[in-house]
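Here is my notebook from an afternoon with one protein model. Have the structure open beside you and follow along.

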Amino acid sequence: MTVRNHATEVSEAIELSNAIADIYDAAIAPGVWQKALASICAFVGGSSAAIFWHDSASVSSQALHVFNEDPYFTHLYFDKYVSMNPMFPAATFVEEGLVHTSRDILPQQELEETRFYKEWIQPQGIIDAVSVNLEKGIMRSSMISIRMNVTDGLVDDQCRRRLQLLVPHLQRAVAIGRLFDQQDAVRSVLTQTLDHIEASVFLVDRNGQILFQNAPAELLLQDATLLRKDNQSLVAVLPDANRMLHELLAVPELDYSSVGVRGVAVPLSAPALERWYAHVLPLTSGSRQSASGLQSATAAVFVRKRVREAPAPIETLSRLYQLTSSETKVVDALLKGGSIKDMADVLGLSQATVKTHLQKIFQKTGVNRQTELVALLAGFVNR
(Lines give C-alpha, C1' and ligand atoms only; values in the text may rest on other atoms or scores of the structure.)
Protein backbone atom coordinates (compact mmCIF):
# COMPACT_ATOMS: atom_id res chain seq x y z
CA MET A 1 0.00 0.00 0.00
CA THR A 2 2.80 2.40 0.94
CA VAL A 3 4.67 1.69 -2.28
CA ARG A 4 1.54 2.27 -4.36
CA ASN A 5 0.78 5.55 -2.58
CA HIS A 6 4.35 6.71 -3.08
CA ALA A 7 4.19 5.77 -6.75
CA THR A 8 0.96 7.74 -7.09
CA GLU A 9 2.54 10.77 -5.47
CA VAL A 10 5.56 10.57 -7.76
CA SER A 11 3.30 10.25 -10.82
CA GLU A 12 1.25 13.26 -9.74
CA ALA A 13 4.39 15.32 -9.14
CA ILE A 14 5.63 14.54 -12.65
CA GLU A 15 2.26 15.42 -14.22
CA LEU A 16 2.13 18.65 -12.21
CA SER A 17 5.65 19.61 -13.21
CA ASN A 18 4.93 18.97 -16.89
CA ALA A 19 1.71 20.99 -16.76
CA ILE A 20 3.46 23.92 -15.06
CA ALA A 21 6.27 23.87 -17.62
CA ASP A 22 3.73 23.93 -20.47
CA ILE A 23 1.84 26.81 -18.82
CA TYR A 24 4.96 28.96 -18.57
CA ASP A 25 5.98 28.13 -22.12
CA ALA A 26 2.53 29.32 -23.22
CA ALA A 27 3.08 32.64 -21.42
CA ILE A 28 5.53 33.72 -24.13
CA ALA A 29 4.46 31.40 -26.97
CA PRO A 30 0.65 31.35 -27.38
CA GLY A 31 0.85 28.44 -29.81
CA VAL A 32 1.72 26.23 -26.83
CA TRP A 33 -1.64 26.81 -25.11
CA GLN A 34 -3.17 23.80 -26.88
CA LYS A 35 -0.51 21.59 -25.36
CA ALA A 36 -0.81 23.34 -21.99
CA LEU A 37 -4.58 22.87 -21.86
CA ALA A 38 -4.17 19.21 -22.81
CA SER A 39 -1.74 18.79 -19.90
CA ILE A 40 -4.13 20.60 -17.58
CA CYS A 41 -7.06 18.40 -18.61
CA ALA A 42 -4.97 15.27 -18.10
CA PHE A 43 -3.84 16.44 -14.66
CA VAL A 44 -7.20 17.71 -13.41
CA GLY A 45 -9.35 15.03 -15.03
CA GLY A 46 -11.40 16.72 -17.76
CA SER A 47 -12.06 16.22 -21.46
CA SER A 48 -12.02 19.79 -22.81
CA ALA A 49 -10.97 23.23 -21.64
CA ALA A 50 -11.15 26.87 -22.54
CA ILE A 51 -9.54 30.09 -21.41
CA PHE A 52 -11.89 32.96 -22.14
CA TRP A 53 -13.10 36.33 -20.90
CA HIS A 54 -16.66 37.37 -20.21
CA ASP A 55 -18.00 40.91 -19.85
CA SER A 56 -21.39 40.90 -18.16
CA ALA A 57 -21.92 44.62 -18.71
CA SER A 58 -21.85 44.28 -22.50
CA VAL A 59 -22.89 40.59 -22.53
CA SER A 60 -19.85 39.78 -24.65
CA SER A 61 -17.27 37.06 -24.46
CA GLN A 62 -14.30 35.71 -26.37
CA ALA A 63 -12.43 32.43 -26.31
CA LEU A 64 -8.69 33.00 -26.02
CA HIS A 65 -7.55 29.37 -26.15
CA VAL A 66 -9.54 26.14 -26.39
CA PHE A 67 -8.73 22.45 -26.28
CA ASN A 68 -10.79 19.54 -27.60
CA GLU A 69 -13.94 21.61 -28.12
CA ASP A 70 -16.27 21.08 -31.04
CA PRO A 71 -15.84 24.24 -33.19
CA TYR A 72 -19.54 24.11 -34.06
CA PHE A 73 -20.59 24.48 -30.42
CA THR A 74 -17.87 27.05 -29.75
CA HIS A 75 -19.20 29.30 -32.51
CA LEU A 76 -22.78 28.57 -31.49
CA TYR A 77 -22.05 29.72 -27.95
CA PHE A 78 -20.69 33.11 -28.98
CA ASP A 79 -23.24 33.62 -31.76
CA LYS A 80 -26.38 32.63 -29.83
CA TYR A 81 -26.05 31.37 -26.28
CA VAL A 82 -23.65 33.73 -24.51
CA SER A 83 -26.56 35.85 -23.24
CA MET A 84 -28.39 32.73 -22.02
CA ASN A 85 -25.56 31.33 -19.92
CA PRO A 86 -27.11 31.26 -16.43
CA MET A 87 -23.69 31.22 -14.75
CA PHE A 88 -23.22 34.91 -15.53
CA PRO A 89 -22.96 37.50 -14.11
CA ALA A 90 -22.69 35.54 -10.82
CA ALA A 91 -19.55 33.69 -11.98
CA THR A 92 -17.72 37.02 -12.37
CA PHE A 93 -18.35 37.72 -8.66
CA VAL A 94 -16.28 34.70 -7.55
CA GLU A 95 -12.98 35.79 -6.08
CA GLU A 96 -9.83 35.45 -8.16
CA GLY A 97 -8.09 32.12 -7.71
CA LEU A 98 -11.04 30.37 -6.07
CA VAL A 99 -11.81 27.04 -7.73
CA HIS A 100 -15.53 26.50 -8.19
CA THR A 101 -17.94 24.27 -10.09
CA SER A 102 -21.13 25.03 -11.95
CA ARG A 103 -23.03 23.57 -9.01
CA ASP A 104 -21.44 26.14 -6.69
CA ILE A 105 -22.99 28.85 -8.85
CA LEU A 106 -26.34 27.30 -9.74
CA PRO A 107 -28.26 24.23 -8.52
CA GLN A 108 -28.21 21.47 -11.14
CA GLN A 109 -32.00 21.32 -11.25
CA GLU A 110 -32.27 25.01 -12.14
CA LEU A 111 -29.55 24.66 -14.75
CA GLU A 112 -31.35 21.76 -16.43
CA GLU A 113 -34.50 23.86 -16.82
CA THR A 114 -32.74 26.38 -19.06
CA ARG A 115 -32.51 26.40 -22.84
CA PHE A 116 -28.76 26.83 -22.41
CA TYR A 117 -28.53 23.41 -20.81
CA LYS A 118 -30.96 21.68 -23.15
CA GLU A 119 -29.57 23.13 -26.37
CA TRP A 120 -25.87 23.66 -25.65
CA ILE A 121 -24.59 21.70 -22.63
CA GLN A 122 -26.53 18.44 -22.91
CA PRO A 123 -25.93 17.82 -26.64
CA GLN A 124 -22.17 17.89 -25.98
CA GLY A 125 -22.37 15.32 -23.22
CA ILE A 126 -20.98 17.74 -20.63
CA ILE A 127 -22.02 16.67 -17.12
CA ASP A 128 -19.94 19.06 -15.00
CA ALA A 129 -17.31 21.79 -15.12
CA VAL A 130 -14.69 23.23 -12.81
CA SER A 131 -13.54 26.82 -13.27
CA VAL A 132 -11.53 29.64 -11.76
CA ASN A 133 -11.34 33.38 -12.35
CA LEU A 134 -7.73 34.12 -13.21
CA GLU A 135 -8.29 37.89 -13.32
CA LYS A 136 -11.35 39.83 -12.19
CA GLY A 137 -12.59 43.31 -13.01
CA ILE A 138 -15.82 45.10 -12.10
CA MET A 139 -18.10 43.13 -14.43
CA ARG A 140 -15.50 41.23 -16.41
CA SER A 141 -13.31 38.25 -15.69
CA SER A 142 -10.81 36.05 -17.46
CA MET A 143 -11.21 32.42 -16.51
CA ILE A 144 -10.33 28.86 -17.31
CA SER A 145 -13.07 26.25 -17.47
CA ILE A 146 -12.49 22.51 -17.64
CA ARG A 147 -15.46 20.40 -18.76
CA MET A 148 -16.20 16.81 -17.75
CA ASN A 149 -18.13 14.16 -19.68
CA VAL A 150 -19.59 10.87 -18.48
CA THR A 151 -16.23 9.10 -18.74
CA ASP A 152 -14.57 11.72 -16.53
CA GLY A 153 -17.33 11.73 -13.93
CA LEU A 154 -18.40 14.63 -11.74
CA VAL A 155 -15.92 17.09 -10.29
CA ASP A 156 -14.60 15.76 -6.98
CA ASP A 157 -12.23 17.01 -4.29
CA GLN A 158 -9.21 15.72 -6.19
CA CYS A 159 -10.17 17.69 -9.30
CA ARG A 160 -10.54 20.84 -7.23
CA ARG A 161 -7.25 20.26 -5.42
CA ARG A 162 -5.30 19.62 -8.59
CA LEU A 163 -6.66 22.70 -10.36
CA GLN A 164 -5.90 24.77 -7.27
CA LEU A 165 -2.25 23.69 -7.55
CA LEU A 166 -2.15 25.14 -11.08
CA VAL A 167 -4.00 28.37 -10.36
CA PRO A 168 -1.02 30.57 -9.33
CA HIS A 169 0.92 29.48 -12.40
CA LEU A 170 -2.03 30.10 -14.71
CA GLN A 171 -2.49 33.56 -13.21
CA ARG A 172 1.20 34.37 -13.69
CA ALA A 173 1.11 33.15 -17.28
CA VAL A 174 -2.01 35.12 -18.18
CA ALA A 175 -0.73 38.30 -16.51
CA ILE A 176 2.69 38.03 -18.15
CA GLY A 177 1.29 37.08 -21.54
CA ARG A 178 -0.74 40.30 -21.71
CA LEU A 179 2.28 42.50 -21.18
CA PHE A 180 3.72 42.22 -24.64
CA ASP A 181 2.76 41.39 -28.21
CA GLN A 182 2.84 37.63 -28.21
CA GLN A 183 3.10 37.27 -31.97
CA ASP A 184 6.32 39.27 -31.91
CA ALA A 185 7.52 37.25 -28.94
CA VAL A 186 7.22 34.06 -30.93
CA ARG A 187 9.40 35.38 -33.72
CA SER A 188 11.84 37.56 -31.81
CA VAL A 189 14.50 37.13 -29.19
CA LEU A 190 12.85 37.80 -25.85
CA THR A 191 15.27 40.51 -24.80
CA GLN A 192 14.55 42.45 -27.99
CA THR A 193 10.79 42.18 -27.44
CA LEU A 194 10.99 43.22 -23.79
CA ASP A 195 12.76 46.43 -24.73
CA HIS A 196 9.58 47.65 -26.42
CA ILE A 197 6.91 46.97 -23.81
CA GLU A 198 5.71 49.39 -21.16
CA ALA A 199 6.04 47.00 -18.22
CA SER A 200 9.25 46.94 -16.22
CA VAL A 201 11.11 43.69 -16.95
CA PHE A 202 14.29 42.24 -15.49
CA LEU A 203 16.11 39.07 -16.56
CA VAL A 204 17.99 37.66 -13.59
CA ASP A 205 19.87 34.57 -12.43
CA ARG A 206 19.06 32.45 -9.37
CA ASN A 207 20.91 34.88 -7.10
CA GLY A 208 18.95 37.86 -8.37
CA GLN A 209 21.85 39.27 -10.40
CA ILE A 210 20.42 41.55 -13.09
CA LEU A 211 21.46 40.40 -16.56
CA PHE A 212 19.05 42.56 -18.56
CA GLN A 213 16.61 45.39 -17.84
CA ASN A 214 14.39 47.34 -20.20
CA ALA A 215 13.93 51.13 -20.10
CA PRO A 216 10.90 51.16 -17.73
CA ALA A 217 12.85 48.89 -15.37
CA GLU A 218 15.76 51.33 -15.34
CA LEU A 219 13.38 54.13 -14.35
CA LEU A 220 11.97 51.94 -11.59
CA LEU A 221 15.47 51.39 -10.20
CA GLN A 222 16.24 55.10 -10.38
CA ASP A 223 13.10 55.85 -8.38
CA ALA A 224 14.12 53.18 -5.82
CA THR A 225 10.72 53.23 -4.13
CA LEU A 226 9.85 49.62 -4.91
CA LEU A 227 13.06 48.06 -6.18
CA ARG A 228 16.73 48.98 -6.11
CA LYS A 229 20.05 47.57 -7.31
CA ASP A 230 22.56 46.36 -4.74
CA ASN A 231 25.88 45.06 -6.16
CA GLN A 232 24.10 44.28 -9.47
CA SER A 233 21.45 42.31 -7.59
CA LEU A 234 17.71 43.09 -7.76
CA VAL A 235 16.44 44.00 -4.29
CA ALA A 236 12.86 44.73 -3.20
CA VAL A 237 12.65 47.64 -0.77
CA LEU A 238 10.14 45.93 1.54
CA PRO A 239 11.96 43.18 3.51
CA ASP A 240 9.12 40.63 3.20
CA ALA A 241 8.82 41.30 -0.52
CA ASN A 242 12.57 40.87 -0.97
CA ARG A 243 12.54 37.57 0.91
CA MET A 244 9.64 36.24 -1.17
CA LEU A 245 11.19 37.42 -4.42
CA HIS A 246 14.53 35.74 -3.79
CA GLU A 247 12.85 32.55 -2.56
CA LEU A 248 11.08 32.34 -5.92
CA LEU A 249 14.25 33.06 -7.86
CA ALA A 250 16.22 30.41 -6.00
CA VAL A 251 13.78 27.55 -6.61
CA PRO A 252 14.68 25.18 -9.46
CA GLU A 253 11.88 24.93 -12.01
CA LEU A 254 11.20 21.27 -11.30
CA ASP A 255 10.33 22.26 -7.74
CA TYR A 256 8.55 25.48 -8.69
CA SER A 257 5.13 24.08 -7.80
CA SER A 258 6.14 23.99 -4.14
CA VAL A 259 6.02 27.79 -3.91
CA GLY A 260 3.10 28.27 -6.26
CA VAL A 261 0.48 27.97 -3.54
CA ARG A 262 1.92 31.04 -1.78
CA GLY A 263 0.35 33.43 -4.23
CA VAL A 264 0.25 34.68 -7.77
CA ALA A 265 2.78 37.49 -7.34
CA VAL A 266 5.06 39.28 -4.91
CA PRO A 267 3.47 42.49 -3.53
CA LEU A 268 6.07 45.25 -3.72
CA SER A 269 4.06 48.01 -2.01
CA ALA A 270 2.11 48.32 1.22
CA PRO A 271 -1.66 47.62 1.11
CA ALA A 272 -3.46 50.54 -0.53
CA LEU A 273 -5.81 51.30 -3.39
CA GLU A 274 -2.87 51.12 -5.78
CA ARG A 275 -0.49 48.19 -5.50
CA TRP A 276 2.58 47.02 -7.38
CA TYR A 277 3.42 43.36 -7.97
CA ALA A 278 6.37 41.40 -9.29
CA HIS A 279 5.52 38.33 -11.40
CA VAL A 280 8.27 35.75 -11.78
CA LEU A 281 8.49 33.68 -14.97
CA PRO A 282 11.01 30.78 -14.88
CA LEU A 283 13.24 30.63 -17.96
CA THR A 284 14.96 27.32 -17.30
CA SER A 285 13.04 25.14 -19.76
CA GLY A 286 14.45 24.71 -23.26
CA SER A 287 12.04 26.92 -25.18
CA ARG A 288 12.07 29.78 -22.66
CA GLN A 289 15.83 29.59 -22.13
CA SER A 290 16.52 29.84 -25.83
CA ALA A 291 14.04 32.72 -26.16
CA SER A 292 15.78 34.73 -23.45
CA GLY A 293 18.99 34.97 -25.42
CA LEU A 294 20.91 34.84 -22.13
CA GLN A 295 21.93 31.34 -21.14
CA SER A 296 22.57 32.32 -17.51
CA ALA A 297 19.15 33.96 -17.07
CA THR A 298 16.88 31.73 -15.00
CA ALA A 299 13.87 34.03 -14.53
CA ALA A 300 12.11 37.07 -15.93
CA VAL A 301 10.64 39.46 -13.36
CA PHE A 302 7.69 41.52 -14.63
CA VAL A 303 6.60 44.47 -12.49
CA ARG A 304 3.09 45.83 -12.94
CA LYS A 305 0.74 48.18 -11.15
CA ARG A 306 -2.76 47.16 -10.23
CA VAL A 307 -5.56 49.40 -9.03
CA ARG A 308 -8.10 47.73 -6.81
CA GLU A 309 -11.56 48.18 -8.32
CA ALA A 310 -14.74 48.57 -6.33
CA PRO A 311 -17.34 45.87 -6.98
CA ALA A 312 -20.09 46.56 -9.50
CA PRO A 313 -23.44 47.73 -8.07
CA ILE A 314 -25.12 44.51 -9.14
CA GLU A 315 -22.48 42.47 -7.31
CA THR A 316 -22.97 44.59 -4.18
CA LEU A 317 -26.75 44.12 -4.41
CA SER A 318 -26.40 40.38 -4.99
CA ARG A 319 -24.11 39.87 -2.00
CA LEU A 320 -26.07 42.16 0.33
CA TYR A 321 -29.42 40.49 -0.30
CA GLN A 322 -28.00 37.01 -0.93
CA LEU A 323 -29.49 36.66 -4.39
CA THR A 324 -29.03 33.37 -6.17
CA SER A 325 -27.27 33.13 -9.53
CA SER A 326 -30.64 32.91 -11.33
CA GLU A 327 -32.03 35.90 -9.43
CA THR A 328 -28.91 37.92 -10.22
CA LYS A 329 -29.28 36.99 -13.88
CA VAL A 330 -32.86 38.29 -13.86
CA VAL A 331 -31.80 41.58 -12.21
CA ASP A 332 -29.09 41.97 -14.85
CA ALA A 333 -31.63 41.37 -17.63
CA LEU A 334 -34.06 43.83 -16.03
CA LEU A 335 -31.42 46.55 -16.08
CA LYS A 336 -30.87 46.00 -19.78
CA GLY A 337 -34.57 46.75 -20.40
CA GLY A 338 -37.46 44.87 -21.92
CA SER A 339 -40.64 43.15 -20.83
CA ILE A 340 -41.06 39.88 -18.98
CA LYS A 341 -41.30 38.17 -22.37
CA ASP A 342 -38.12 39.87 -23.59
CA MET A 343 -36.25 38.81 -20.48
CA ALA A 344 -37.52 35.24 -20.80
CA ASP A 345 -36.38 35.08 -24.43
CA VAL A 346 -32.92 36.45 -23.63
CA LEU A 347 -32.43 34.22 -20.59
CA GLY A 348 -33.81 31.05 -22.17
CA LEU A 349 -36.42 30.71 -19.40
CA SER A 350 -40.20 30.56 -19.32
CA GLN A 351 -42.09 33.74 -18.47
CA ALA A 352 -43.48 32.00 -15.39
CA THR A 353 -39.94 31.26 -14.15
CA VAL A 354 -38.87 34.87 -14.67
CA LYS A 355 -41.91 36.08 -12.70
CA THR A 356 -41.11 33.62 -9.89
CA HIS A 357 -37.54 34.89 -9.69
CA LEU A 358 -38.76 38.50 -9.65
CA GLN A 359 -41.13 37.79 -6.76
CA LYS A 360 -38.30 36.23 -4.75
CA ILE A 361 -36.08 39.22 -5.53
CA PHE A 362 -38.82 41.59 -4.36
CA GLN A 363 -39.17 39.65 -1.11
CA LYS A 364 -35.43 39.68 -0.42
CA THR A 365 -34.91 43.36 -1.26
CA GLY A 366 -38.14 44.69 0.25
CA VAL A 367 -39.43 46.35 -2.92
CA ASN A 368 -42.71 45.79 -4.74
CA ARG A 369 -42.12 46.83 -8.34
CA GLN A 370 -39.46 46.61 -11.02
CA THR A 371 -38.98 50.39 -11.01
CA GLU A 372 -38.28 50.30 -7.27
CA LEU A 373 -35.71 47.55 -7.80
CA VAL A 374 -33.94 49.62 -10.47
CA ALA A 375 -33.97 52.64 -8.12
CA LEU A 376 -32.54 50.49 -5.32
CA LEU A 377 -29.71 49.32 -7.55
CA ALA A 378 -29.01 52.88 -8.66
CA GLY A 379 -28.42 53.75 -5.02
CA PHE A 380 -25.32 51.52 -5.01
CA VAL A 381 -23.66 53.33 -7.90
CA ASN A 382 -22.24 56.21 -5.85
CA ARG A 383 -21.44 54.26 -2.69
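In which sense do strand 3 and strand 4 pair, and over how many bridges? I looked it up: strand 3 (residues 100-101) and strand 4 pair in the antiparallel sense over 2 bridges. Two strands count as paired if DSSP finds at least two bridges between them. Helices (H or I, at least four residues) and strands (E, at least two) are DSSP runs, numbered from the N terminus.

**Ground rules**

I am working with a predicted model, where local features need pLDDT of at least 70, side-chain atom pairs count only at pLDDT 80 or more, and totals for chains, interfaces and linings use all residues. Residues are numbered from 1 along each chain as its sequence is written, and side-chain values use heavy atoms, with hydrogens and water left out.

**The whole chain**

I noted 19 helices and 12 strands in the protein chain. Of its 383 residues, 52% count as buried. Buried means under 20% relative accessible area, exposed over 50%, and partly exposed in between (1.4 Å probe, protein chains only). I also looked at contacts, meaning heavy atoms within 4.5 Å. Among contacts in the protein chain with a separation of 6 or more, residues 24 or more positions apart account for 62%.

**The sheet around strand 4**

I went back to strand 4, which covers residues 128-136, and found 9 of its 9 residues buried. Strand 5 (residues 140-148) is joined to strand 4 by 8 bridges, and the two run antiparallel. One pair I picked out is N133 with its bridge partner M143 in strand 5. A hairpin of 3 residues links strand 4 to strand 5.

A reminder to myself: strands of a sheet pair through backbone hydrogen bonds, either parallel or antiparallel.

Is strand 6 mostly covered or uncovered? Strand 6 (residues 200-204) is mostly covered, with 5 of its 5 residues buried. S200, F202 and V204 are buried on one side, and V201 and L203 are buried on the other. I counted 3 bridges from strand 6 to strand 7 (residues 210-213), and these strands run antiparallel. F202 stands opposite Q213 in strand 7. The two strands form a hairpin with 5 residues between them, and G208 in the turn has a positive phi of about 85°.

**Helix 2**

I checked the length of helix 2 (residues 33-44). The expected span of a helix is 1.5 Å times one less than its number of residues. Its 12 residues should therefore span 16 Å, and the end C-alpha atoms are 16 Å apart, which agrees. Buried residues of helix 2 include W33, L37, I40 and F43. After the helix comes G45, whose phi is positive, near 110°.

**Rings and charges**

Next I looked for aromatic pairs. Rings of Phe, Tyr and Trp (its six-membered ring) pair if their centres lie within 6.5 Å; planes under 30 degrees apart count as stacked, over 60 as edge-to-face and the rest as tilted. The count comes to 6 aromatic pairs. In one of them, the ring centres of Y77 and F116 are 6.0 Å apart and the planes are at 65°, so the pair is edge-to-face. Y77 lies in helix 3 (residues 71-81) and F116 in helix 7 (residues 115-121), so the pair ties together parts that are 39 residues apart in sequence. Both Y77 and F116 are buried.

Y77 also pairs with W120, and this pair is tilted: 5.2 Å centre to centre, 50° between the planes. W120 is in helix 7 and Y77 in helix 3, so this pair ties together parts 43 residues apart in sequence. I noted one aromatic cluster formed by Y77, F78, F116 and W120.

My last stop was charges over rings, where NZ of Lys or CZ of Arg is within 6 Å of the ring centre and within 35 degrees of the ring normal. The charged end of R140 sits over the ring of W53, 3.9 Å from its centre. R162 lies over the face of F43, at 4.6 Å from the ring centre.
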